[in-house]
Amino acid sequence: MAMSVASAEGMASLSSDIFYDILRRLDGPTLASAACACAAFCSISREEKLWENVCSSMWPSTNMEDVKTLITSIGGFRKFYADCFPLIVNKGAIEYQWNDYLEYAEEWTEAEYYGDIDEIESISPSDFVSIVDIRYKDKTICSKVLWGIPNADGFNGWFYNCPFRIDLLTYAARADDNEGEVLLSVSDGLPPILSMEKERKDGKLWRELRDGLRLSWIVVNKKIKQAANLASWSPLGGQRHWPTDKDFVIHFGSVLSAKEILPCQVVECILIMKFRVIHTEGEGVQTTLKLTELSMQLEDMEGAHVNGRNSLLILKEALSCCRSKNYSEVLESCHLYSKVQSELKEEKMRNESRIDRLCIISGIAAFLTLWYYIL
């Protein structure tokens with residue numbers, strides 16, 4: 001007991017500058033835990049500069065001056081971290097049933113399915129900001145900020161009725177943005193590849209790429225002052241050698257609620273990252289990959305792309321949805337969605353097969369009946 005009192009007195013005798021110097025070296029989760037340790041830590045941990053350093057370390061794109069101004073306007077770096085560090089969790093797919101969906105979908109009018117005009121008028125594409133960071137083995141290889149949603153200027157434009165998709169590498173997010181190519185090489189930690197034939201056999205480059213990549217795609221709504229990370233941080237899956245033998249497609253994403261927006265009630269936010277091998281080892285050139293695609297799109301349970309109008313509504317709702325710091329729980333919700341989606345496709349194929357057989361049998365019966373009356 002005496003030692004505890006002495007420790008407390010020792011802590012009290014330390015200056016706040018020393019406490020600050022200690023806390024500024026911590027990462028986000030550790031800083032949040034330290035804030036619960038004592039009153040002094042709790043008070044100092046409210047300093048915005050500490051959380052600015054944490055955000056800057058985790059998301060280098062937040063170093064940009066206009067992004068700092070944006071974060072300050074929506075509540076500060078501490079709130080920004082609290083909103084964007086936990087990942088989106090949605091287990092709504094558990095309640096999803098094919099038969100219920102089929103019956104429910106028939107009750108929707110065209111106007112209801114494609115969105116409420118009055119509601120969508122309160123959402124402007126210019127309210128959204130995308131803050132994107134890519135890491136490979138803890139090294140940042142790409143940081144981009146996209147202000148607004150490209151080609152969405154006007155309610156009567158094609159954006160609201162066409163499939164929603166953002167190709168981040170296609171658009172210049174900032175006038176002073178560095179539009180240089182995003183490359184990965186052996187110096188970044190990639191294994192040397194002598195030939196693509198060897199890579200097709202052992203898949204070493206694919207495994208290193210899949211295990212080492214991390215993606216953060218934060219969406220901010222300036223009007224409602226909310227933000228959320230739509231990425232799964234680690235890849236959910238991918239495709240080797242598609243569409244060519246030198247391409248690698250990595251999938252990230254999350255499951256978003258679409259209640260009262262779409263009949264399926266939940267949709268998948270799909271974030272696609274594609275790398276292409278532009279050099280293999282040899283002749284003094286290192287194995288090098290180039291980032292050729294970085295995009296976002298929303299798909300419903302049947303794999304159909306969600307249009308721009310409904311996508312804005314879904315993104316707005318996603319900024320206030322349930323989140324978790326437990327990454328395994330996030331993965332579980334994504335895998336659950338994939339499982340239910342697969343079951344839906346299988347049920348749809350079985351239904352179509354039954355209809356095909358019924359049509360064949362009906363045709364044969366009609367043919368035999370006709371011949372019976374003829375003969």
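In the predicted model, strand β6, spanning residues 213–221, is mostly covered, with eight of its nine residues buried. Strand β6 has pairing partners in β2 and in β7. With strand β2 (residues 128–136), β6 runs antiparallel, and nine bridges join the two. Within this pairing, Trp-217 of β6 is the bridge partner of Val-132.

The pairing of β6 with strand β7 (residues 226–229) is also in the antiparallel sense and extends over four bridges. Here Val-220 stands opposite Ala-227 of β7. The two strands form a hairpin in which four residues lie between β6 and β7. In the turn of this hairpin, Lys-225 has a positive phi of about 60 degrees.

Strand β9 (residues 247–257) is mostly covered, nine of its 11 residues being buried. Strand β8 (residues 237–240) runs antiparallel to β9 and is joined to it by four bridges, and Gln-239 stands opposite Val-249 in β9. A hairpin is formed by β8 and β9, with six residues between them. His-241, in the turn of that hairpin, has a positive phi of about 55 degrees.

A search of the whole structure finds eight aromatic pairs. One involves Trp-59 and Tyr-81, whose ring centres are 5.9 Å apart; the planes stand at 50 degrees, so the pair is tilted. Trp-59 lies in the loop between α5 (48–58) and α6 (65–73), whereas Tyr-81 belongs to helix α7 (residues 77–84), so this pair ties together parts that are 22 residues apart in sequence. Both Trp-59 and Tyr-81 are buried.

Tyr-81 also pairs with Phe-85: the ring centres are 5.0 Å apart and the planes are at 10 degrees, so this pair is stacked. Tyr-81 is buried because its relative accessible area is 6%, under the 20% limit. Phe-85, with a relative accessible area of 23%, is partly exposed. Trp-59, Tyr-81 and Phe-85 belong to one aromatic cluster that also includes Trp-51 and Phe-80.

Notes:
Residues are numbered from 1 along each chain as its sequence is written. This is a predicted model: local features need pLDDT of at least 70, side-chain atom pairs count only at pLDDT 80 or more; totals for chains, interfaces and linings use all residues. Side-chain values use heavy atoms; hydrogens and water are left out. Buried means under 20% relative accessible area, exposed over 50%, partly exposed in between (1.4 Å probe, protein chains only). Two strands pair if DSSP finds at least two bridges between them. Rings of Phe, Tyr and Trp (its six-membered ring) pair if their centres lie within 6.5 Å; planes under 30 degrees apart count as stacked, over 60 as edge-to-face and the rest as tilted.
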